[in-house]
Protein chains: 2
Amino acid sequence: MILDAALAQASESGFESLTIGTLAARTGLSKSGLFAHFGSREELQIAAIDRAANLFAETVFAPALQARRGLPRVRAIFEHWLQWTDDSGLAYGCPLHAAAIEFDDKPGPIREHLVAHFDRLQRNLERALTLAIEEGQLPVGTDAAQLAFEALGIVFAYYHSTRLLRRADAATRARTAFDRLLSAAGTAA
Amino acid sequence: MILDAALAQASESGFESLTIGTLAARTGLSKSGLFAHFGSREELQIAAIDRAANLFAETVFAPALQARRGLPRVRAIFEHWLQWTDDSGLAYGCPLHAAAIEFDDKPGPIREHLVAHFDRLQRNLERALTLAIEEGQLPVGTDAAQLAFEALGIVFAYYHSTRLLRRADAATRARTAFDRLLSAAGTAA
DNA sequence: TTACTTTACGAACGGTCGTGCTATTTGTCA
DNA sequence: TGACAAATAGCACGACCGTTCGTAAAGTAA
């Protein structure tokens with residue numbers, strides 16, 4: 001319950017706003033009562049990030065395993081990725097993305113947990129793409145890591161367009177970009 | 001001088017860390033002496049964002065005007081974009097990108113200034129791409145707004161890869177992605 | 001019921017936050 | 001030189017920060 005509230009707070013206003021006081025008020029606990037569960041603010045933030053990362057894996061990758069391996073699964077991952085914050089009740093944006101920018105120059109365990117999450121994300125995406133190559137749906141020699149890099153960029157542009165600019169066509173633009181990415185890869189040398 | 005220090009602070013640790021106290025310490029002024037220049041913390045943050053936006057325009061778009069209109073100019077914009085934080089002495093990341101994520105769900109003048117900056121960025125990019133279409137270097141009917149959306153994504157993925165993940169090949173991946181984007185657009189129906 | 005652990009609370013600490021006052025210094029122009 | 005404006009400093013305020021400590025309630029096992 002505490003971590004759910006922590007993720008909601010981080011989604012709304014970033015990890016900087018994830019303080020003992022605000023979270024105590026949000027959960028109805030006292031500051032010291034809440035504090036005792038974690039021992040430090042940093043431990044609280046780490047727990048929240050790990051929970052977000054697990055939620056991401058359950059919401060994006062796990063259901064995509066039911067799609068056929070290869071491009072159908074790759075597309076399922078992408079589609080769940082676009083919608084995962086809504087599906088998870090994080091109505092105000094991806095807390096992991098926000099944290100990645102807040103902590104990208106602050107060494108410490110929080111940063112390391114974030115790096116681990118995004119490394120895992122990259123690896124899982126590459127694996128799904130590699131299966132598409134093995135299935136013959138993408139040319140042999142396709143650079144799966146490059147495709148994963150570009151897919152990440154499309155999702156970030158989608159976040160930016162929908163959250164900051166409030167563009168209604170953000171999802172359409174993202175899907176168009178992803179289709180072009182896959183079809184360009186499909187027709188490469 | 002104050003605003004230079006403010007941008008350096010925002011680049012290092014985000015706009016949340018741009019407080020009166022830290023900026024006073026960084027500049028050598030007293031808190032109240034610094035405060036008098038702006039009247040409120042929000043005015044300080046707005047001034048810093050406007051300065052960053054001007055710096056961005058001067059560093060990315062202004063020099064690209066010396067490249068020939070069309071694709072050479074588009075490529076010049078992209079190349080300066082990748083390097084603009086280094087060129088501007090903001091060694092720890094783009095403060096406008098960080099601010100966009102911190103404030104994307106906080107209505108107010110700060111958010112509006114950020115939206116104005118990214119709208120301007122999008123328009124300028126579209127204009128350069130439209131010139132490339134007029135020059136016959138991209139097919140008639142090319143969706144310049146879509147290309148600008150995807151270019152933004154590539155830059156965001158580059159930021160992520162170089163700053164959080166510390167990947168040495170981030171710039172190479174970004175250039176590969178941009179080349180593929182332009183060539184795919186060039187061979188479209 | 002008794003002993004013990006878990007969980008939560010209230011109060012307090014030193015510190016920083018933004019902001020408002022009142023001086024005091026600095027610069028400018030007559 | 002003197003008057004006046006701009007810039008800066010010093011100090012205090014209420015609020016919130018993370019954290020610690022002592023204590024009371026709740027749950028658990030004997």
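A salt bridge is taken here as a side-chain nitrogen of Lys or Arg within 4 Å of a carboxyl oxygen of Asp or Glu. In this predicted model, B:Arg163 and A:Asp105 form such a pair, with their closest N and O atoms 3.2 Å apart. Because 3.2 Å falls within the 4 Å cut-off, the pair qualifies as a salt bridge. Between chain A and chain B, the count of salt bridges is 10.

The contact between the two chains can be described further by residues and by area. On the side of chain A, 45 residues are in contact with 45 residues of chain B. Together the two chains bury about 3,800 Å² between them, and carbon and sulfur atoms account for 60% of that area. Within chain A, the residues that lose the most area to chain B are A:Phe149, A:Leu164 and A:Arg173, which together contribute 19% of what that side buries.

Chain A itself has nine helices and zero strands, so that its pattern along the sequence reads α-α-α-α-α-α-α-α-α. The C-alpha trace of chain A spans about 60 × 35 × 30 Å along its principal axes. Of the 189 residues in chain A, 54% are buried. Among contacts in chain A between residues at least 6 apart in sequence, 63% join residues at least 24 apart.

Chain A exposes about 8,100 Å², of which carbon and sulfur atoms supply 51%. Its side chains include 19 positive and 22 negative ones, and the centres of these two sets lie 4 Å apart.

Note on methods: Residues are numbered from 1 along each chain as its sequence is written. Chains are lettered from A and ligands numbered from 1 in the order in which they are written. This is a predicted model: local features need pLDDT of at least 70, side-chain atom pairs count only at pLDDT 80 or more; totals for chains, interfaces and linings use all residues. Side-chain values use heavy atoms; hydrogens and water are left out. Helices (H or I, at least four residues) and strands (E, at least two) are DSSP runs, numbered from the N terminus. Buried means under 20% relative accessible area, exposed over 50%, partly exposed in between (1.4 Å probe, protein chains only). Contact means heavy atoms within 4.5 Å. Accessible areas come from the Shrake-Rupley method with a 1.4 Å probe; for residues, only the protein chains shown count as cover. Lys and Arg count as positive and Asp and Glu as negative; His and the chain ends are not counted. The place of a charge is taken as NZ of Lys, CZ of Arg, CG of Asp or CD of Glu. Buried area is the accessible area (1.4 Å probe) that two parts lose on being put together, summed over both.
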